Amino acid sequence: PLFLALPAGTYSVTAVTTQKSRVAKVTMAARGITTLSPLDFQDQDLARFATRGGTTVPSPFYDTDRLVLDLSSFTLGVTPGASRADWEEADKNFAFSLLVDSARSIRGLQMAGLIAINRDELDGVQAAGIGVLNHGEVRGVQAAGVFAMSGSDMKGAQMSGVFNMALGRGTQNRGFQGAGVFNLAQGTFHGFQSAGWVNIADGFSGVQASAVNVGGDVRGMQIGLVNINSHFDGAGLGLINISPQAYYHPIALWDSEGNNHALFQWGMGWLYFVVGGVLHGQFGKANDADPLMGAGIKFEDDRWFWDTDAGWLGHVDDKGKSPSTGKSNPPEFRGHPYVRSTLGMKWGWIALEGGILVDPSASNPQPTWFGGLRLFP
């Protein structure tokens with residue numbers, strides 16, 4: 001059914017196709033639904049709706065007492081490739097199918113119970129209970145319960161319950177891809193990819209965010225558990241980075257309070273993670289170790305680098321044994337935030353660095369100075 005909300009009154013409803021025109025009178029109450037069926041319509045001369053200049057193409061219009069519906073823009077299909085001749089070379093404002101719908105070009109909305117197919121451009125919305133397929137540009141939104149697919153440029157948004165695909169190597173895919181499982185863009189993607197598990201693009205410019213991100217030449221950001229690319233220019237955060245621009249640096253430091261810092265820094269581009277510990281006493285003879293974890297930004301060239309990171313510096317207090325029971329008390333974990341800034345200079349695979357560490361939550365923050373070595377394997 002097609003529902004229209006109209007003010008109360010009497011209307012002339014005309015259904016216009018390329019073959020004929022049919023008209024029905026209907027009176028609309030202030031509330032309620034009035035139903036029209038084919039039996040309510042009577043045939044009439046199509047020429048009365050012809051525009052000036054000799055053309056016989058029907059032109060829908062609306063005024064105070066007449067509503068004309070151009071039903072040639074409505075298509076209904078139950079099998080693939082079942083389009084009528086008068087569908088071709090025409091824009092569709094609305095197309096609906098219980099199984100598979102096929103329409104040439106849609107400016108408005110296409111819906112399907114299972115699969116919607118548009119073999120050319122789509123400027124509006126495609127929505128399907130299971131899948132959406134398009135062979136041509138998509139400038140609006142593709143939304144599907146299971147998957148969305150575009151055979152050429154995708155400009156706008158693709159959203160799917162399971163996965164999206166923007167196919168066509170050498171093409172430019174622009175906009176947004178969001179899926180419950182994975183996104184796939186063959187060609188260069190400009191915009192944002194977000195998926196529950198995997199993002200894949202031949203080339204990428206923008207932001208990829210999922211459990212696994214795969215890109216060729218990536219310019220922008222990759223955020224996930226695993227980031228993979230052939231070339232990277234930007235920033236990436238991940239537990240595992242596989243890229244020529246990824247780095248993994250062991251760091252050994254000594255500070256002004258007599259503590260030793262054993263840290264590990266890894267990242268891609270100008271974003272990084274750092275984990276490790278601050279050891280009290282000499283290596284191998286430490287009384288305890290304070291865990292450190294944080295994230296930061298990096299600026300570097302061939303010789304110099306400057307890192308600044310922030311995070312949490314913990315401390316574990318051993319409460320020893322209870323005097324009354326003789327049993328060991330559970331250790332107490334506490335800590336405080338930290339901010340750390342480092343300046344260093346590289347020579348091949350090794351670097352000298354120094355900086356300060358500050359507890360910003362302290363009432364009177366006192367910097368701790370440190371210096372040491374960093375490896376560039």
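Which side chains meet in a salt bridge at 3.5 Å, N to O? Those of Arg 219 and Asp 233 do. Point 3 returns to this pair.

1. **Basis and confidence.** This is a predicted model, where local features need pLDDT of at least 70, side-chain atom pairs count only at pLDDT 80 or more, and totals for chains, interfaces and linings use all residues. Residues are numbered from 1 along each chain as its sequence is written, and side-chain values use heavy atoms, with hydrogens and water left out. The term pLDDT is the predictor's confidence in each residue, from 0 to 100. Its mean over the chain is 77. It reaches 70 or more in 71% of the residues.

2. Strands are DSSP runs (E, at least two residues), numbered from the N terminus. Among the elements of the chain, strand S4 (residues 66-70) has the lowest mean pLDDT, 45. Strand S28 has the highest, 96. Residues 48-73 stay under 50, with 47 contacts beyond four places in sequence. Residues 78-89 are also below 50, and the model gives this stretch 22 contacts beyond near neighbours in sequence. A contact means heavy atoms within 4.5 Å.

3. **The opening pair.** A salt bridge is a side-chain nitrogen of Lys or Arg within 4 Å of a carboxyl oxygen of Asp or Glu. The whole structure holds eight. The bridge between Arg 219 and Asp 233 links distant parts of the chain: strand S19 (residues 212-223) holds Arg 219, strand S20 (residues 226-237) holds Asp 233, and the two are 14 residues apart. Arg 219 is partly exposed at 43% relative accessible area. Asp 233 is partly exposed at 45%. The classes are buried (under 20% relative accessible area), exposed (over 50%) and partly exposed in between, with a 1.4 Å probe and protein chains only.

4. **Arg 22 and Asp 43.** Here the closest N and O atoms of the salt bridge are 2.8 Å apart. Arg 22 sits in strand S2 (residues 21-28) and Asp 43 in strand S3 (residues 42-44), so the bridge ties together parts 21 residues apart in sequence. Arg 22 is partly exposed, at 25% relative accessibility. Asp 43 is exposed, at 55%.

5. Glu 300 bridges to Lys 346, with closest N and O atoms 3.2 Å apart. Glu 300 belongs to strand S25 (residues 289-300) and Lys 346 to strand S27, so parts 46 residues apart in sequence are tied together. Glu 300 is partly exposed at 42%, and Lys 346 is buried at 11%. Salt bridges with shared partners also join Lys 298, Asp 307, Glu 353 and Arg 374 into one network.

6. **Ala 195.** This residue lies in strand S17 (residues 182-195). Ala 209 is 14 residues away in sequence, and the C-alpha to C-alpha distance is 6.7 Å. Leaving out residues up to four places away in sequence, Ala 195 touches several others, including Ala 179, Phe 182, Ala 209 and Ala 211.

7. **Lining of the second largest pocket.** By class, this lining has four nonpolar, nine polar and five charged residues. Nonpolar covers Ala, Val, Leu, Ile, Met, Phe, Trp, Tyr, Cys and Pro; charged covers Asp, Glu, Lys and Arg; the others, Gly among them, are polar. Strands supplying at least two lining residues each include S23 (259-269), S24 (271-280) and S26 (304-317).

Terms used:
Helix = DSSP H or I, 4+ residues; strand = E, 2+ residues; numbered from the N terminus.
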